[in-house]
Each structure stands twice: as C-alpha cells, then as structure tokens.
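Welcome! Here is a short briefing to read alongside the sequence and the 3D view.

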Amino acid sequence: MTHEERLAQFMARIERGEKIESTDWMPDEYRITLVKFMQMHALSEVMGALPEKEWVPKAPTLARKLSLMAKVQDEMGHGQLILRVAEDLAKPLGKSREELVGELLTGVCKFHNVFHMPAPTWADAGIIGWLVDGAAVVSQAALLDSSYGPYARVLQRVCAEEGFHIQHGESICLALAEGTPEQRQMLQEALNRWWESLLLFFGPADTNSASATILMKYRFRTKTNEELRQKFFDKYVPRIWSLGLTIPDPDFRWNEAAQRWHYTQPDWTKLKAIARNEGPLSQYRLGLRRMSYEQTKWVREALLGKAGAGAIA
Amino acid sequence: MTDPILALLLYQLADDELVIGHRDSEWLGLAPHIEEDIAFGSIAQDEVGHATAFYRLLSDLGLGVADDLAFLRGAAERRNAVLLERPNGAGTYLQDPAFDWGYTVARRLAYDLFDAIRLECIASGCSYQPLAQLAGKIRREERYHLLHHVTWFKRLAEGTEESRRRLVAGIEQTFLDAGGLFVMTPSDYFPTTSAALLERWTAELRPQFDAVGLPWPLVMPAPALDGRAGQHTADLSALLETMGEVYRTAPGAAW
C-alpha cells in the first residue's frame with residue numbers, strides 16, 4: 001500500500017468517527033501534533049497543582065484542607081494518566097517521559113496560562129476550583145469525542161473528577177459569598193483578578209495556528225475557541241450573578257440579536273508573554289518544579305540504579 | 001467532667017497526626033516523582049483525616065469545636081512529639097524547598113511503626129469504647145503507610161551509595177528526636193508503658209536494619225524538649241502561624 005492509500009484509509013476512519021488506537025498506523029503529523037497537545041495538557045495538570053497546593057497548609061477548616069488536598073492529588077493523577085497516554089504515543093518518536101517532562105523545564109513545552117497567575121488569597125483557591133476547573137471541563141468535555149481513543153477514554157475519568165472539583169470550588173465561593181463583608185470582598189477581588197485569565201484561557205477567537213488547524217482536520221478537536229468561551233459564559237455567568245458577584249467588565253452583556261455574550265477583549269499580548277514563560281509567576285512556579293526535580297534526582301537514581309536514572313520523572 | 005488523662009491521650013493522637021499530615025502536605029507537587037506525589041498525597045490526607053476524627057472525639061467530650069482545637073491552640077498547648085514538627089528540610093513549601101527525602105522516609109518509618117503499635121494497644125485495650133473503635137478503623141489505613149515507608153527504606157538503603165548515605169543521615173537526625181514519641185502515660189485508656197512501647201518498636205525495626213545491613217543507632221538520647229508536655233521548637237510556632245492564618249481572620253465565620 002502506498003503512503004497516499006494508507007493516509008486515505010486513515011482519513012476515512014476519522015471521517016466515519018472511528019477511534020484511533022496507539023498501535024494503529026497514523027500519519028506522523030497526527031502523532032506529533034497529538035503528543036505535543038497531550039504533553040501540554042499533562043504538564044499543565046502537574047503545574048496546576050502548584051497554585052492550589054500553596055493553600056493546603058492554610059486552608060481554614062479541617063474539611064477544606066482535606067478536600068483541597070484531594071483535589072491537588074487528583075490534578076497530579078490527571079497529569080500522570082495523560083502523560084502515560086502521551087508516552088505510549090511518543091515511543092515511536094524515541095521520546096521518553098523524562099524528555100517530555102524535561103521540555104517543561106527548558107520552556108519547549110508550555111503550560112496553561114491560568115497556572116502562571118498568582119493566587120494571593122483563600123478566595124483565589126475557591127475561584128480556581130470553581131471557575132478555572134469549570135473552564136477546563138468546558139474545553140475537555142469538547143474533547144470526549146476526540147478521534148484518539150486512549151485520550152478520549154482517560155478524559156472521561158478526568159472530566160468526572162473535575163466535576164467534583166467544581167463542586168468543591170463552588171462550595172468555598174458560596175461560603176464566602178454568604179459570609180462576612182470581608183469574606184465577600186475577598187471573593188469579589190479574586191473574581192476581578194481571574195476574569196481576564198478566564199477569557200484568555202480559551203485562546204483568541206480568530207486563531208489560525210497550524211496546530212489548531214491540524215487538530216480540527218483530524219477531528220481531535222471539533223469546537224472553536226469562541227464556541228467554547230461562549231459555552232463557559234452560558235454555564236457560569238448566571239451562577240456568578242446568583243452569588244451576588246459583579247463581572248468586572250462594564251460592557252459584558254447578552255447580545256440578543258447575535259445570540260451571544262458580548263465581552264471586552266482581554267489583553268491578548270499577555271497570553272503571548274505567558275507563552276514565553278514571562279507571565280507574573282511563570283519563573284517562580286517553574287523554579288519550584290525545577291528545584292524539586294533537581295533535589296530529588298538522587299531518589300530517582302536510587303530507584304533505577306544510576307544507569308537508568310531519569311527514565312522516570 | 002472529662003478525665004484529663006483521656007483528653008491528654010486524644011490530644012497527643014490528634015496533634016501528632018495533624019502536624020505530620022501538615023508536613024507531608026508540604027511535599028505536594030514536589031515529591032521525587034509523579035506517582036509518589038499521588039501516593040504521598042493520600043498519606044497526608046489520611047493523617048489529617050485521622051486528626052479530624054480524634055478532634056471530633058474531643059469535641060464530643062465537650063472540649064471545643066474540632067476546627068478551633070486544630071487551628072487556634074497555641075504551641076504550648078500542643079501535645080505532639082517534637083519529631084513530627086521538624087521541617088522537611090531547608091526552605092519552605094513556598095520558597096526554595098530543599099526538602100530532604102532521606103529524612104522524610106526515616107522519620108515516617110519511625111513514626112508509622114510507633115503509631116501502628118500505639119493504635120494496636122488502643123484498639124485492643126482502651127476502656128473508652130469510641131476511641132478503641134476509632135483506633136481499630138484507623139489501623140487498617142496506617143498499615144499501608146508502614147508498608148509504603150518500609151519499601152522506601154529498603155529502596156534507599158539498597159539503591160546507590162548516595163541514597164544510602166542520605167538515608168543514614170536521615171535516620172541519625174530522626175533518632176535525635178525519636179525518644180519523644182514514647183513519652184506516653186499508662187492508663188486504662190492506654191494500658192502499656194513507654195518502656196514496653198520502645199522495646200516492641202526496637203524489636204520490629206531492628207530486623208529491618210539488619211536485613212539491609214545498616215548499623216542500628218546505639219544511642220537514642222532522652223528528648224531535649226518534651227512535646228507531650230507542650231515544649232516545642234520555633235518550627236511548630238511557625239507551622240501553627242501558617243496553618244491558622246486564614247481561620248484566625250474570622251474564627252466564628254463559616255469558611
């Protein structure tokens with residue numbers, strides 16, 4: 001069979017809605033783009049543990065401490081699950097987990113914009129759990145139909161767990177919204193701080209990046225950035241209002257004629273800076289990760305014997 | 001009125017678990033590899049969960065709200081062993097965490113074994129039924145903690161020269177404070193003596209050392225500070241400062 005015939009067969013499978021498995025033939029473009037996408041997703045989960053774990057030692061009740069720890073642990077678990085899927089797919093490219101993780105530290109692999117931001121109060125831990133995880137579920141649920149079977153299956157579990165995280169975050173926000181004036185103010189300030197990041201989360205409406213086009217072509221993704229952002233508004237804006245919170249955008253409104261939410265554009269240059277790891281806490285969080293990686297290198301060496309050191313991370 | 005001997009035992013149990021659970025939780029996101037991060041995260045949750053259950057028993061005895069007992073008591077009122085409040089290493093979880101896995105494994109092994117023996121004694125001999133029942137339940141989880149840290153102990157001892165050296169350093173550091181664990185008051189609630197606890201602990205731990213050819217530390221000094229009597233280091237004050245920071249801003253409020 002020629003390459004063209006194989007490719008045509010592959011595309012026919014994609015178009016019929018079949019799932020591609022890790023041992024199936026696939027074009028390099030599919031493999032490389034997916035590895036990159038899943039690598040970023042996995043490492044974003046791992047980096048996503050850091051802003052919230054800052055609040056575990058300070059969580060204000062025993063119950064909150066327990067649920068926040070469980071959530072942080074889930075995020076690491078998602079990182080591990082997705083990394084395993086990425087590792088399998090990366091194997092024919094000669095890439096190990098060590099390299100996939102190492103590329104985070106060298107800046108080759110990005111991590112999600114929200115995890116470059118500071119979380120200075122307890123209310124930030126609530127907003128992250130509720131709205132950042134809410135945004136994550138909107139974008140991940142859209143990938144449950146992904147053409148790549150192993151990823152779609154892992155995402156089912158990830159999305160189910162994220163559902164609990166949203167409840168955990170919403171419960172923190174609800175307690176603050178119904179609390180003292182200081183607690184309410186802390187919550188509103190946290191929303192003000194996170195609003196722009198939540199808009200940036202979904203990416204620009206008019207993205208034509210090469211990888212986005214490829215992901216669409218292979219039906220790995222089927223929804224555009226703007227469709228997902230609007231879906232997030234549909235779901236969460238009424239809830240934000242019902243907590244008595246103000247959306248920090250005076251122009252934000254439902255546009256009846258266009259049947260969509262109108263919002264002030266965020267500063268997209270910030271997303272570009274974050275992509276260069278020049279966000280507010282990019283270097284701080286990468287620094288923590290790098291330091292722990294280096295501090296515990298001897299442990300991994302002990303597990304594998306010096307020769308194999310680094311094959312786990 | 002609550003028997004102060006029972007209350008003291010409950011404070012020792014609750015404070016031990018909360019403080020070590022706090023130290024464990026500082027490792028979140030920073031453990032040697034992702035799988036261990038997840039496993040260690042479970043252990044931290046278990047410890048804080050056990051602390052919560054012990055504080056609730058104190059609460060049932062009319063001694064205060066569990067969260068107040070956990071977050072508002074000062075260092076001099078804490079009854080945890082000093083070993084458990086020591087930091088994981090240089091730096092903090094927020095700034096330059098040069099955490100020491102060798103010390104972490106050695107300390108956890110020493111504590112897990114002590115805790116297993118303590119819980120067994122309570123489960124089988126404590127005259128206060130709610131505590132005896134709780135101890136029985138908790139033992140089932142603690143079994144896995146002990147297994148986990150015994151495994152790490154072997155892996156580090158038999159890994160590389162460096163891992164063995166770092167483990168030995170961690171053991172030496174642990175033994176400086178380990179004596180403080182055993183300062184327990186015999187009673188109907190805790191029908192054993194400190195000497196018997198220590199003897200049993202030594203009898204179970206020493207063969208682990210022999211199996212990997214590590215010398216048994218001959219000296220276990222008397223604790224310089226008796227944590228069970230409220231004598232603590234500045235590290236505990238700093239830990240409590242952090243732990244209660246948010247709660248103290250509005251103690252009566254719902255969080």
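Ala, Val, Leu, Ile, Met, Phe, Trp, Tyr, Cys and Pro count here as nonpolar, Asp, Glu, Lys and Arg as charged, and the others, Gly among them, as polar. This is a predicted model, in which local features need pLDDT of at least 70, side-chain atom pairs count only at pLDDT 80 or more, and totals for chains, interfaces and linings use all residues. Residues are numbered from 1 along each chain as its sequence is written, chains are lettered from A and ligands numbered from 1 in the order in which they are written, and side-chain values use heavy atoms, with hydrogens and water left out.

**The second largest pocket**
- With that grouping, the lining of the second largest pocket divides into six nonpolar, five polar and three charged residues.
- A pocket is an open set of points on a 1 Å grid over the protein atoms alone, where a 1.4 Å probe fits and protein lies on both sides within 12 Å along at least five of seven lines; lining residues have an atom within 4 Å of a point.
- Its volume, the space filled by probe spheres set on points joined across faces, edges and corners, is about 220 Å³.
- Of its 14 lining residues, Arg23(B), Glu26(B), Thr92(B), Tyr93(B) and Thr242(B) lie nearest the centre.
- Helices H1 (4–25) and H9 (234–243) of chain B each supply at least two lining residues, and H9(B) has the largest share, with four.

**Chain A overall**
- Chain A has twelve helices and two strands, which are DSSP runs numbered from the N terminus (helices H or I, at least four residues; strands E, at least two).
- Buried residues, those under 20% relative accessible area with a 1.4 Å probe and protein chains only, make up 57% of the 313 residues in chain A.
- The C-alpha trace of chain A spans about 70 × 60 × 35 Å along its principal axes.

**The largest nonpolar core**
- A nonpolar core is a set of buried Ala, Val, Leu, Ile, Met, Phe, Trp, Tyr and Cys residues joined through side-chain atoms within 4.5 Å.
- The largest one holds 177 residues, and Trp122(A), Tyr148(A), Tyr55(B), Leu131(B) and Trp201(B) touch the most other members.
- Helix H5 (residues 101–125) of chain B gives the most to this core, 13 residues.
- Beyond its neighbours within four places in sequence, Trp201(B) has contacts (heavy atoms within 4.5 Å) that include Phe114(B), Phe182(B) and Trp216(B).

**Thr61(A)**
- Thr61(A) sits in the loop between helix H2 (28–53) and helix H3 (62–90) of chain A.
- Thr61(A) counts as buried because its relative accessibility is 11%.
- Not counting residues up to four places away in sequence, Thr61(A) touches Asp67(B), Phe71(B) and Trp255(B).

Methods
Buried < 20%, exposed > 50% of the residue type's maximum accessible area, 1.4 Å probe, protein only.
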